[in-house]
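Hi,

Here is the structure I promised to pass on. Have a look first, and my notes follow below.

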Amino acid sequence: MHGRPLIGVVPLYDREKDSYWMLPGYFDGIEESGGIPLMLPMTADREALERLVLSVDGVLLTGGQDVSPELYGEPAKETCGEVCPARDAMEPRLVETALRLGRPMLGICRGIQLLNVRLGGTLYQDLPTELAGGVSHHMEPPYDRAEHTVKVAEGSPLAAVLGKTEIGVNSCHHQGVKRLAPALEAMARSEDGLVEAVYMPSEKFVWAVQWHPEFSHKSDEHSRMIFRTFVEAAARSEDR
Ligand code: MN
């Protein structure tokens, strides 16, 4: 198959409205990079996920609710925020399927947390009370500006793409990577030591970031570079 790569995007869920929804930034970031976004259905059906992942060239794990601590075998603290059982059921299977079928994957915010958990890591359930590092990870809108800096790991794929060792990023997340999964390498950290970007060295392209390039790609070249690197990896996918 040729032409522009198709990117399967995990749907967002609004509990109050009992609705699936999408932030335009995810779709715009993909389209501006030459990809075609396609919102996936909310399903944990293994056969459906297999067909869906086979049909796309890459998978985008979007932001959203807190990840249920059940997924990494810990009781939920009172400080854990709203969770989304449907996504908690779908995404670990989606990640597993995408890895098995070799599809490039980009995780954003909840996406880095979900990927870390699926690969055996754990999370801070509530950053403000569990990581007192003096860095604000919960900014007020507008979100298309930097809230804190991250140090980009030298020699990491992110450093190679950005050509920088430090960048400013936006920050709007309640949880974060605590114990990093063995299959993941950190490629950026904020000043409090929190892992803000990871990749999977065993795979051609599995990246995830804790910040939100979907909010900043219009004004921030680094955000565009992340989308572009992902979509280009999907375009090179051998199964196309
Ligand atoms: Mn942050």
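**What I found**

H137 and E196 are both buried, meaning under 20% relative accessible area with a 1.4 Å probe and protein chains only (over 50% is exposed, in between is partly exposed). Before the rest, some ground rules: this is a predicted model, where local features need pLDDT of at least 70 and side-chain atom pairs count only at pLDDT 80 or more, while totals for chains, interfaces and linings use all residues. Numbering runs from 1 along each chain as its sequence is written, and side-chain values use heavy atoms, with hydrogens and water left out.

Back to that pair: the manganese ion has H137 (ND1), H148 (NE2), S171 (OG), H173 (NE2) and E196 (OE) as its protein donors, 2.2 to 2.3 Å away. Donors here are N, O and S atoms within 2.8 Å of the metal (3.2 Å for Na, K and Ca); water isn't among the atoms, so sites may look incomplete. Along the chain the spacing reads H-x10-H-x22-S-x1-H-x22-E. H137 sits in the loop between α5 (127-130) and β8 (148-152) and E196 in strand β12 (residues 195-199), so the two tie together parts 59 residues apart in sequence. Helices (H or I, at least four residues) and strands (E, at least two) are DSSP runs numbered from the N terminus.

Overall, the chain has 8 helices and 13 strands. Of its 240 residues, 53% are buried. The C-alpha trace spans about 50 × 40 × 35 Å along its principal axes.

Cheers
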